[in-house]
Amino acid sequence: MNSEPRVVLSRDDVRRAVTRIAHEIVERNHGAADLVLVGLQRGGMWIAEALASVLHTVDPTVTVPVGALDVSFHRDDVGLRPIVPGSVTDIPVPLDGRTVVLTDDVLFTGRTVRAALEALNEYGRPRAVQLAVMVDRGHRELPIRPDFVGKNLPTSRDEQVAATLDGVTIR
Amino acid sequence: MSTHAKHLLAIDDLTPEQIHHLLELTDHMVEVSGRSIPKVPALRGKNVVSLFFEDSTRTRTSFDTAAKRLSADTMNFTVSSSSVSKGESLRDTIETISAMGVDAFVIRHKSSGAPQMVTRWTNASIINAGDGWHQHPTQALLDCYTIRTGLNRRDGFDGLHIAIVGDIKHSRVARSDIQAFAALGARVTLVAPPTLLPPSIADWPVEVSHSLDPLLPHLDVLYLLRVQRERMADALLPSLDEYSAMYGLTAARAAKLPPHALVMHPGPMNRGVEMVVDPGELPGSAILHQVTNGVAVRMAVLFWLLGSGSDLKGDV
């Protein structure tokens with residue numbers, strides 16, 4: 001395994017990707033009125049917050065609520081590996097009838113998203129759930145696909161991808 | 001991250017980091033408990049068996065509720081309705097039930113060390129729900145969690161002054177609490193008549209006082225223990241009235257506590273003995289929070305032992 005991480009997206013690239021995704025979200029949903037952004041703990045929170053601030057500049061009349069979802073207790077690998085929860089789940093508004101945009105940093109096997117879909121059920125029945133990720137690295141093990149992608153990045157299984165506000169690296 | 005463990009037998013088996021980890025996990029369990037459907041699938045298919053060889057209402061119900069909120073299967077085993085009353089030994093009981101497929105035993109026993117013994121007879125995780133005068137670790141964890149949230153001390157108890165008042169000698173709660181509070185950095189003072197203190201506390205991380213009143217204005221937490229009426233028979237106390245006059249929490253004593261101070265009690269309370277004032281009228285009473293937090297803390301313990309994964313298959 002290479003020890004030196006290779007930069008795939010710079011900080012500016014990430015900022016531009018967030019801006020583009022925000023516009024795609026508005027386009028797809030004909031506005032931002034009934035949206036809720038829900039970040040997956042831990043990696044998805046910064047994207048949810050960055051998207052919320054861009055959405056607010058796109059449509060200053062709307063403030064999209066941002067929630068946090070920890071899926072540790074819904075994973076299908078409970079007991080198979082150490083599970084260390086992130087911050088506590090916080091869904092600030094009822095989800096009934098709203099469109100939820102789940103956000104995560106890296107989409108890989110899809111198992112976290114599956115757990116998230118199950119966890120969301122407990123907070124109401126959204127009208128629709130969409131998925132926004134900064135990096136789609138492939139290797140899906142479940143029939144899950146993202147609606148909004150920062151970058152499609154072909155990887156091998158044992159490579160490690162890190163996506164933050166400061167950029168995307170692979171090693 | 002090697003925070004994982006197989007059993008929870010005593011607080012002094014835990015590192016301060018593990019205590020913090022369990023308290024953080026409890027935050028998640030409080031969130032789960034606050035949902036309209038307070039149930040998650042985390043421990044689906046796990047079998048949790050409670051074996052109570054001593055009476056208990058809250059601890060037993062609390063563990064039962066905790067296991068169910070995590071979707072574990074639960075089985076209750078009561079001594080009166082079991083073969084124990086026909087003379088079956090503890091070992092036979094454990095081995096028999098284990099053979100049915102058990103992931104965790106929650107055990108309360110009148111003999112100190114019984115849960116430790118049981119670990120040798122089964123592959124299941126053992127959770128000590130109180131053994132003799134020895135330990136009651138989940139009580140200590142829920143007490144820590146109650147203080148952590150009640151006084152907003154997420155990072156530890158440095159600088160907090162906690163008095164534990166009452167029958168220290170016969171109290172497993174006191175032994176566990178002392179270790180846990182001290183591990184998190186609190187200053188602990190034991191308040192009791194000499195007859196209710198254990199003979200040797202030289203190596204305990206505590207101070208001792210035989211009188212309560214001078215301490216009151218300096219306390220952050222006043223922790224009252226239950227005065228067990230059966231101690232009267234042992235002539236350790238002249239009378240309950242006398243105990244009450246010296247150590248009971250009256251309205252006058254409560255008024256001397258700082259406004260932020262918490263009043264705690266592990267239950268069940270003896271009203272009119274250690275608790276003279278109506279706790280419902282105490283602004284600092286955290287007693288019901290202790291009960292509520294008990295469920296969340298036990299969820300955290302169950303998830304930690306059964307759900308957070310062994311280090312054996314360490315591919316993260």
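This briefing covers the overall build of chain B and one sheet in chain A. The structure is a predicted model. Chain B has 316 residues, of which 43% count as buried. In chain A, three strands form an open sheet with antiparallel pairing.

**Chain B: make-up and dimensions**

- Chain B contains 10 helices and nine strands.
- Its radius of gyration is 20 Å, close to the 20 Å that the globule rule gives for 316 residues, so chain B is as compact as a globular protein of that length.
- The C-alpha trace of chain B spans about 55 × 45 × 40 Å along its principal axes.

**Chain B: contacts**

- Among contacts in chain B with a separation of 6 or more, 75% are made by residues 24 or more positions apart.

**Chain A: the three-stranded sheet**

- The strand order in this open sheet of chain A is β1-β8-β7.
- Its edge strands are β1 (6–9) and β7 (161–164) of chain A, and each of them pairs on one side only.
- On average, neighbouring strands of this sheet are turned by 25 degrees against each other, direction ignored.
- Strands of a sheet pair through backbone hydrogen bonds, in either a parallel or an antiparallel way.

**Chain A: the pairing of β1 and β8**

- Strand β8 of chain A covers residues 167–170 and pairs with β1(A) in the antiparallel sense.
- Three bridges make up this pairing of β1(A) and β8 of chain A.
- Opposite Val7(A) stands Thr169(A), which lies in β8(A).

Key:
Residues numbered from 1 in each chain as written. Chains lettered and ligands numbered in written order. Predicted model: local features only at pLDDT ≥ 70, side-chain atom pairs only at ≥ 80, totals over all residues. Helix = DSSP H or I, 4+ residues; strand = E, 2+ residues; numbered from the N terminus. Rg over C-alpha atoms; globule rule 2.2 N^0.38 Å. Buried ≥ 20, exposed ≤ 12 C-beta atoms within 10 Å, placed from the backbone. Contact = placed C-beta atoms within 7 Å. Pairing = 2+ DSSP bridges. Axes fitted to C-alpha atoms, helices over the stretch in contact; angles between N-to-C directions.
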